[in-house]
Number of protein chains: 2
Amino acid sequence: MPNIFVKVPEPTLRRLPWYLAYAKLARQGGETHISSTQFAQKIGIDASVVAKDFSFVTLSGKTRVGYEIDELIRALDEFLGFSNRHSAFLFGAGSLGSSLLHDGGLKQYGLDLVAAFDVKYELVGTYINHIPIQHLDKFEEIQRQTRVNIGVLAVPVEVAQETADRMVAGGIKAIWNFTPFRIRVPENIVVQNTSLYAHLAVMFNRLREEQELEARNVLKQTGL
Amino acid sequence: MPNIFVKVPEPTLRRLPWYLAYAKLARQGGETHISSTQFAQKIGIDASVVAKDFSFVTLSGKTRVGYEIDELIRALDEFLGFSNRHSAFLFGAGSLGSSLLHDGGLKQYGLDLVAAFDVKYELVGTYINHIPIQHLDKFEEIQRQTRVNIGVLAVPVEVAQETADRMVAGGIKAIWNFTPFRIRVPENIVVQNTSLYAHLAVMFNRLREEQELEARNVLKQTGL
């Protein structure tokens with residue numbers, strides 16, 4: 001078990017899945033051991049950063065030739081929470097929400113969407129990918145019965161805050177926020193923001209910069 | 001037009017969509033003007049940060065009572081690239097990939113998936129949400145005809161790097177990487193990593209921390 005009183009830095013938590021993905025790939029390629037140096041080279045991260053990141057994960061499979069891959073994968077999967085099953089509710093079964101219901105990968109990584117809530121009566125009683133859609137008014141009752149405490153927020157932006165308030169009042173402890181709205185919650189509630197559209201904005205901006213840089217280089221080469 | 005020679009910091013680019021979402025909400029509520037202080041209070045960000053973020057966006061609608069909302073929304077939409085149409089290809093029409101094809105929100109924010117590529121022959125020739133799925137072998141030809149230069153990468157992790165290499169060789173300039181694999185690309189290629197599973201890991205970890213903190217507090221209160 002990891003030391004529960006050490007707060008793992010977020011950059012570390014974001015890099016660990018990269019190591020996991022690479023380790024799985026190496027295992028498929030027939031390798032049995034892997035070293036920090038290998039990770040560093042293959043993933044393009046400084047070896048000291050890799051070693052520091054791994055210091056948060058208790059690993060027993062370290063040998064002179066590196067980490068034992070099976071053990072490393074098991075330890076990372078467990079540390080990252082991917083090997084446990086976390087039940088979750090989806091709030092908002094519109095365009096983005098229903099696309100999340102279609103993504104079987106979430107379950108593979110430990111997030112099991114067990115029900116979705118929406119206010120549209122035409123959706124209530126239907127299923128997407130075998131997951132039932134219920135009216136939002138049923139949330140509190142179903143939460144009391146199931147004790148599900150993770151909620152995925154994919155409602156329209158204008159009701160993001162009121163839905164988040166209702167989730168928290170109804171027992172949700174962690175909110176995965178897919179809306180572009182910055183919701184406010186009590187201090188003890190975990191919020192993970194994943195705004196696809198904010199990532200899009202970053203990508204569009206960087207692409208524009210690269211294109212402008214290229215245009216300037218062309219102008220320079222032609223002597224203009 | 002923004003000053004094209006100033007590189008906009010990524011944290012700014014990530015916050016600007018929050019302001020945009022809030023401004024749209026305020027407009028729906030009937031407001032016509034909005035001040036930096038209002039943003040700061042409503043979104044919970046320091047007013048000086050808000051002012052600094054807005055300094056990157058050329059805004060003409062600033063008055064004594066704050067920004068004119070319509071002008072602010074127009075300027076942010078344009079600056080963030082949401083009001084332009086960017087054609088893009090999807091690579092990998094599996095679970096996550098097809099869920100992205102279902103998400104109409106991407107188009108609303110400027111990303112128009114015009115074709116998907118996969119290697120599974122049973123998918124080739126089919127459509128998801130009116131978007132055609134082609135065999136990956138058609139990519140280079142279709143790229144030459146269309147000049148599409150944005151690619152969304154949603155293939156299995158074991159082929160992430162080779163697919164990225166092929167995308168770059170075939171003319172893709174920006175890769176939105178949804179795989180948990182850290183792909184390596186030439187310096188002039190833009191990569192935006194959006195690993196949903198890395199975000200999941202962060203959320204699981206934070207939730208566990210909160211639960212352990214709560215357990216410790218309960219123990220302390222009961223005098224144990």
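**Architecture of chain A in the predicted model**

The structure is a predicted model, in which local features need pLDDT of at least 70 and side-chain atom pairs count only at pLDDT 80 or more, whereas totals for chains, interfaces and linings use all residues. Residues are numbered from 1 along each chain as its sequence is written, chains are lettered from A in the order in which they are written, and side-chain values use heavy atoms, with hydrogens and water left out.

With a relative accessible area of 30%, A:K173 is partly exposed; this class falls between buried, under 20% relative accessible area, and exposed, over 50% (1.4 Å probe, protein chains only). Not counting residues up to four places away in sequence, A:K173 touches A:N149, A:N188, A:I189, A:V190 and, from the other chain, B:L207, where contact means heavy atoms within 4.5 Å. A:N129, 44 residues from A:K173 in sequence, is 25 Å from A:K173 in space, C-alpha to C-alpha.

Chain A contains nine helices and ten strands. Its radius of gyration is 22 Å, whereas a compact globule of 224 residues would have a value near 17 Å; the radius is taken over C-alpha atoms, and the globule rule is 2.2 Å times the number of residues to the power 0.38. The C-alpha trace of chain A spans about 60 × 55 × 35 Å along its principal axes. Buried residues make up 52% of the 224 residues of chain A. Of the contacts in chain A between residues at least 6 apart in sequence, 57% join residues at least 24 apart.

Over residues 82-182 the chain is 30% helix and 29% strand, and the end C-alpha atoms are 26 Å apart.

Helix α4 (residues 69-79) of chain A includes A:D77. This residue counts as buried, at 17% relative accessibility. Beyond its neighbours within four places in sequence, A:D77 is in contact with A:L20, A:K24, A:F82 and A:S83.

In helix α7 (residues 139-146) of chain A, the buried residues are A:F139, A:I142 and A:Q143. Viewed down the axis of α7(A), these residues fall within an arc of 105°, so they line one face of the helix; the arc is that of the directions from the helix axis to the C-beta atoms. Their cover includes β4 (86-91), β5 (111-118), β7 (131-135) and α8 (160-169) of chain A. On the other side of α7(A), A:R144 and A:Q145 are exposed. A:R147, with a positive phi near 60°, follows the helix.

The largest nonpolar core has 152 residues, among which A:L111 and B:L111 touch the most other members; a nonpolar core is a set of buried Ala, Val, Leu, Ile, Met, Phe, Trp, Tyr and Cys residues joined through side-chain atoms within 4.5 Å. Apart from neighbours within four places in sequence, A:L111 is in contact with A:H86, A:A88, A:L106, A:I150, A:V152 and A:W176, and also with B:L200, B:M203 and B:F204 of chain B.

Methods. Helices (H or I, at least four residues) and strands (E, at least two) are DSSP runs, numbered from the N terminus.
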